[in-house]
Amino acid sequence: MLAVLPALLLLLLSSRPACCVFQKLYCSFSDSCDCDFKPSIRDLEWDLYGNVFGQHLAQDVVSEEVSRFLLNNSPDRPLVLSFHGSSGTGKTLVSTMLGNHLYGSAMSSPFVHQFVPTLHFPSARRVGQYREELKSWVKGNLTACARSVFIFDEMEKMPPGLVDVLEPFLGPSHVVFRTNYRKAIYVFISTAGQDVIRQVVLENRQAGRERDEIKLSDLQEALEESVYNRETSGLYQSSIIQQKLITRFVPFLPLTRTHVERCVRAQLCQRGSCNRGDVVEAVGGDMTYAPAEGRYFSTTGCKTVSAKISFFL
């Protein structure tokens, strides 16, 4: 009897008004995907627009695409986002926000899977083995939870051709390997394409236009081409790009001193030192900016802000 109780409860979940009562009962002793998946689009948007600085394109694209995807009860394909930009611009931060606001146990959820090439795929000579392992891993986790999230960080260090094994999981088919995979989310994170992004932002500034005037269409095609043709992008001549399986290439713009100082203020407030304007000024002035003529953009974004705050406090 105990063995069939979870199945009976799940059947009752579709029956209202008993749904909420039995769902709470079932989830009181279950850590299943259905119980842990608690998306809050409102909280995600609040976090994106309140704690990510200088990234109007990424904020809008991520908010719109995630909202559209989650509101569709039967998507025809997974959501695939590819984040691009220089170090410290917020790519990893935004991917963490996704996990935090999709699952009750946030990034510690067993249904959020993170891959780092230097840790999980360290040898370029073992790509064949890694491909089989990655396919098996994704297949197994999608079987356990259709709402799985897969985050691939530092794609520029990924062995070429490895992620192409994901192609069958990313297209519009209904079922792959007997598993419905269309509700999954994939995020690729890379510095590839940063030169293209920086050049567009620089030209926009030199033309006297506001940063917020930059549109996604100003970058999308050139960014996709740059990532596809760069040997160290992790997506070099990838079939995933050829087959148009990436929902959006998301550019993260280089940060100015103003954006860096907003990062400093936010972190100071987290430490209970909101009124330390002297530290804001000191950290902002201690960063390295490029290009040499103009010194517009922080070369490390906000990545070293925390360490510098500790030094100046």
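In which sense do β2 and strand β3 pair, and over how many bridges? The two pair in the parallel sense, over four bridges. This is a predicted model, and that pairing belongs to an open sheet of five strands.

- On average, neighbouring strands are turned by 15° against each other, direction ignored.
- Within the pairing of β2 with β3 (residues 149–152), Gln 114 stands opposite Ile 151 in β3.

**Helices on the sheet**
- Helix α8 (residues 127–144) packs on the sheet and touches β2, β3 and β4 (185–190). The direction of α8 makes about 150° with that of β3.
- Helix α11 (residues 220–229) also packs on the sheet, where it touches β1 (79–85) and β5. The direction of α11 makes about 95° with that of β5.

**The two sides of helix α4**
- Leu 44, Asp 47 and Leu 48 are buried in helix α4 (residues 41–51).
- Seen down the axis of α4, the buried residues fall within an arc of 95°, so they line one face of the helix.
- An α-helix has 3.6 residues a turn, so residues three or four places apart point the same way.
- Arg 42 and Trp 46, on the other side of α4, are exposed.
- The cover over the buried residues of α4 includes α5 (56–71) and α6 (91–102).

Key. Residues numbered from 1 in each chain as written. Predicted model: local features only at pLDDT ≥ 70, side-chain atom pairs only at ≥ 80, totals over all residues. Heavy atoms only, no water. Pairing = 2+ DSSP bridges. Axes fitted to C-alpha atoms, helices over the stretch in contact; angles between N-to-C directions. Contact = heavy atoms within 4.5 Å. Buried < 20%, exposed > 50% of the residue type's maximum accessible area, 1.4 Å probe, protein only. Arc of directions from axis to C-beta.
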